[in-house]
Amino acid sequence: MNALNVLFSPDHTPKFIPLPKTNFHLTYQPVFASTFNQTRLFEDEKGAVHFFMGDGSNKKNSTIQDLEQKVFFPFIAQEIRRLRKQKTLAYSQFAVLVRDRYQALRLAEYFDSYQLPYLNQRGTSLAESPALNALIDLIKAVLHPQNIGTLRTLLGNSLIGWSHEKLHDSSNLESILSVIQSLKQVLIEQGFSIFYDRFLQSCWGKNKLSILEQLLAEEGGVDFYHDLQQIAEIVINHQYHEWNGPEGLIPFLDQFQKWDENEDPRVKRFQDPSKDGIKILTLHVSKGLEFDIVFALGLIQRNSFKDELIPIEKEGKFVLIPLEESSEQRLHYCEEIDAEKMRQLYVAMTRAKYQLYIPISLHIPSEQIKYGEASPLDLLLGRLGQTECSYETLYDRIRHFNGQSFIKFMEEIGSRNGMTYSIHREIFLEKNKNDSVPFIDLEPPKSISILTTPLLMSSFSSLNRISSFSLSQTPPHDFNNSIKTEHTLPASSETGILIHELLEKISFRDFKGVNLAVETLPLIRPWIQNEMYRPWENVLAALVYQVLNVDLGIYSSPFCLADIEPSKLVREMTFLFPYESDLAIEGLVEGQGLIKGFIDLIFVHKGKYYIVDWKSNWLGSSNECYDFFHLHQAMLDHNYFVQAKIYTEALKRYLKLVETRSFEECFGGFFYLFLRGIQSNKQSGIYFCDAQDLIKIFSPKNYE
C-alpha cells in the first residue's frame with residue numbers, strides 16, 4: 001500500500017485519473033491498512049512493486065509480442081517457480097492479468113510448453129474443444145450408420161480412439177454396428193439424456209473398458225470429459241425446452257460457433273475451482289478480486305483505432321459522427337478512452353495483497369503512435385516523475401520515452417518506498433526435467449510403387465452430357481427486386497446451395513400442422529447467414545413450407561414429407577461404387593472407374609424406399625412453366641434421367657446389404673421436386689417416376 005501511495009501521489013503522478021469532460025481530474029487519496037488486519041510478513045529480494053522491463057533494442061522494430069515471448073512470459077514463469085520454491089506458495093496464489101483472450105491464449109500456450117498449471121478465468125470456448133467435434137461425429141454416425149466414412153470418423157476420433165489398422169479391419173466394423181443400432185434406438189425413443197449415459201457406459205473394444213473409463217485413463221482425458229459433460233448438459237437443457245428430434249441435434253451443435261463469435265456465456269468453458277493453477281484473467285474481470293501475487297501483464301498492450309464512427313454528446317444526447325483524423329471531436333474522444341485506461345490501470349495495480357509485478361517495454365517503435373492508441377502503462381510513464389502537462393505533450397513524451405525519467409524516479413523515490421526494477425533483453429528459461437517432451441526420431445517411410453491401372457472417380461456433374469437448350473425468358477438475378485416471389489428469387493448456384501442447406505438442416509416434423517408459411521420463419525432464419533437473402537426470407541420460408549406440406553400424390557390418402565418420422569429418412573446420403581461394363585448407363589461419357597455422389601433425400605413409407613432430389617431450377621416466370629410437359633422437357637434437357645439411374649443404382653446396391661426383399665419389390669420410385677413450381681393442392685413442380693417408369697425409360701429403344 002505504501003508503494004502504491006507513493007506511486008500514485010499527485011507529487012509523482014500528476015492528474016492520475018483525468019476527467020476530460022469536466023476539464024478536471026480526481027486527486028488520488030492514500031489508502032491505509034486496517035489496524036484490525038493481521039499483516040502477513042512477506043519479505044523478498046524484489047520490492048512490493050517490481051517493474052520488469054523488456055528492452056527491444058537488440059532487434060529492429062521489436063513489437064510487444066516479441067517482448068512477450070523473449071522477456072515477459074519467461075520472467076513471469078521464472079518468478080512463479082522462484083517464489084514457489086522459496087516461499088512454498090501454491091500456484092493458485094498467483095494471478096496474471098491480461099488485456100484480452102488473445103493475450104490469455106498466448107500466455108496459456110507458453111505455460112503449457114513448460115507444464116505450468118493454470119486456470120483461464122476469461123474462459124476458452126467450447127466451440128474450440130475437440131469434445132464438440134467428437135460429439136457431432138458420434139451423432140452423425142448413430143443417425144447414419146450406413147455411411148462407412150462417418151462411422152470410421154467416429155471410431156478414429158478422441159472418443160473411441162481406434163488405430164488405423166483396426167479401422168480398416170472389416171470384422172471390427174461389423175461388431176460395432178449392433179452397438180450403433182442400439183444407441184440409435186435409445187436416441188430416437190428415449191432422448192439425448194439417456195442416450196448420452198448409455199454411450200458413456202458402452203464398450204467399443206476388446207479391452208472391455210467403457211468409454212468413460214477409457215477417457216479417464218487417457219492423458220488429458222479428464223479435461224476432455226469435463227468439456228464433453230458441459231456440452232451434454234447444454235444439449236439436455238435444449239432437449240427439455242426446444243426438442244426438434246435427433247435430426248435437430250447437428251444444427252443445434254453447429255450453433256456453438258456462432259455463439260462463440262457473439263461471446264455467448266453458454267459456450268464458455270467451466271473452470272475447475274479445486275485445481276491448483278495460476279489464474280489468468282482479464283483486467284476487466286479482475287475488478288473486485290484480490291490475489292497474493294499479481295503480474296499486471298495486460299497494462300502494456302496498445303490498441304489501434306478501428307472505429308469509423310465515434311459517439312459525441314450533442315444537446316444532451318449521444319450521436320455518432322464520422323471519425324476524422326484531425327477533428328476536435330476525435331481528440332476529445334481519445335481523451336475519454338485514455339481516461340478509462342487509467343481507471344483500468346488503477347484496478348489492475350490494486351489487486352495484489354503482497355507483491356505486484358508490472359511490465360515495461362523499452363525501445364519499441366513509438367514515434368507514430370496516435371492519440372488514443374497508448375497503453376495504460378504508457379499513460380502512467382508519461383506522467384510519472386514529471387510535471388503536469390497537456391494531453392498533446394503527454395503523447396509527445398510517450399513517443400520519445402526511453403526509460404530515463406522512470407529510472408531517475410526509481411533511484412530517487414521508488415527504491416526508498418518498496419519499489420524495485422530489472423531490465424532484460426532476453427530471458428532463457430530452463431525446462432524442468434518433467435517439462436521436456438520425449439524426442440522421437442522420425443524416419444521417412446520407404447517409397448512404394450504400385451503398378452495398376454488408374455481409375456477415374458467421377459460424379460454425375462462431371463460425366464453428364466448436357467444437351468443444348470435455351471429458355472424463352474431470362475432468369476431473375478436482381479436481389480433488390482421489389483416483387484418478391486419464388487419466380488423472382490434470384491437464380492444462381494448460391495441460391496441453390498442455400499435452399500439445399502435449408503432442406504438438409506431443418507426438422508421436417510416442425511412443419512407438420514403449421515397453417516401459415518410465415519409461422520416457419522423462426523425455423524429457417526438461423527440458416528440464412530448471407531445478408532443478400534435476408535429480404536427474401538418470406539419467399540424462402542414459403543418455398544420450404546410448400547415442398548414439405550404438398551401432397552406428393554402417390555397414395556389415395558394425402559401424404560407429405562412433413563409426415564415422415566425422422567428415423568425413416570436419410571438426407572445427403574453419400575455413395576461410391578464402381579462403374580462396371582454391365583451397368584450400361586446411357587448418357588455417360590466414361591465407362592470405367594468409380595462413381596460418387598450425394599442423394600438429397602431417401603425416405604421409407606409403407607415399406608417402400610423413395611428417392612428425392614431437390615431442384616431449384618428456374619423454368620419460367622409463372623406456375624404454368626412447371627406443369628408436366630415443362631418438367632419432362634427439363635428432365636431431358638439436363639439429363640436428369642441419367643442422374644436418376646445413377647442414384648437408383650446406388651440405392652439398389654445399398655439395399656442389397658440390408659433388405660431381404662428384391663429391389664423391385666421394395667423400391668417405390670423417384671421424385672424430382674422443382675421447388676419454385678410447387679403449389680398446395682396441385683401437382684405442379686412434382687415429377688415422379690416409379691420403378692416401372694424407370695425400367696421403361698432406360699430401355700435402349702425408349703431412351704433415344
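What share of the 704 residues of the protein counts as buried? The answer is 49%, where buried means under 20% relative accessible area with a 1.4 Å probe and protein chains only. This is a predicted model, in which local features need pLDDT of at least 70, side-chain atom pairs count only at pLDDT 80 or more, and totals for chains, interfaces and linings use all residues. Residues are numbered from 1 along each chain as its sequence is written, and side-chain values use heavy atoms, leaving out hydrogens and water.

**View 1. The whole protein.** Welcome to the overview, with 24 helices and 17 strands; these are DSSP runs numbered from the N terminus (helices: H or I, at least four residues; strands: E, at least two). Take the contacts (heavy atoms within 4.5 Å) between residues at least 6 apart in sequence: 72% of them join residues at least 24 apart.

**View 2. Phe-111 in the largest nonpolar core.** A nonpolar core is a set of buried Ala, Val, Leu, Ile, Met, Phe, Trp, Tyr and Cys residues joined through side-chain atoms within 4.5 Å. The largest one has 86 residues, and Phe-111 and Met-349 touch the most other members. Helix H2 (residues 64-87) gives the most to this core, with 10 residues. Beyond its neighbours within four places in sequence, Phe-111 has contacts that include Ile-76, Ala-77, Ile-80 and Ile-278. Another core, of 48 residues, lies apart from this one, and Leu-155 and Phe-224 are among its members.

**View 3. One face of helix H5.** Look along residues 148-156 to find the buried Thr-150, Leu-151, Leu-154 and Leu-155. Seen down the axis of H5, these buried residues fall within an arc of 135°, so they line one face of the helix; the arc is that of the directions from the helix axis to the C-beta atoms. At the start of H5, a side-chain oxygen of Asn-147 comes to within 3.1 Å of the backbone nitrogen of Gly-149.

**View 4. Helix H19 and its cover.** Helix H19 spans residues 537-549, and its buried residues include Val-539, Leu-540, Leu-543 and Val-547. Helices H17 (493-505) and H18 (521-524) are among the elements covering the buried residues of H19, as are strands S15 (608-615) and S16 (667-674).

**View 5. Asn-617 in its loop.** Here is Asn-617, in the loop between S15 and helix H20 (628-637). Asn-617 is buried, with a relative accessible area of 15%. Leaving aside neighbours within four places in sequence, Asn-617 is in contact with Tyr-626, His-638, Tyr-640, Phe-674 and Arg-676.

Key:
Expected span 1.5 Å × (residues − 1). Buried < 20%, exposed > 50% of the residue type's maximum accessible area, 1.4 Å probe, protein only. Polar contact = N/O pair within 3.5 Å; in protein donor to acceptor, adjacent residues only side chain to side chain.
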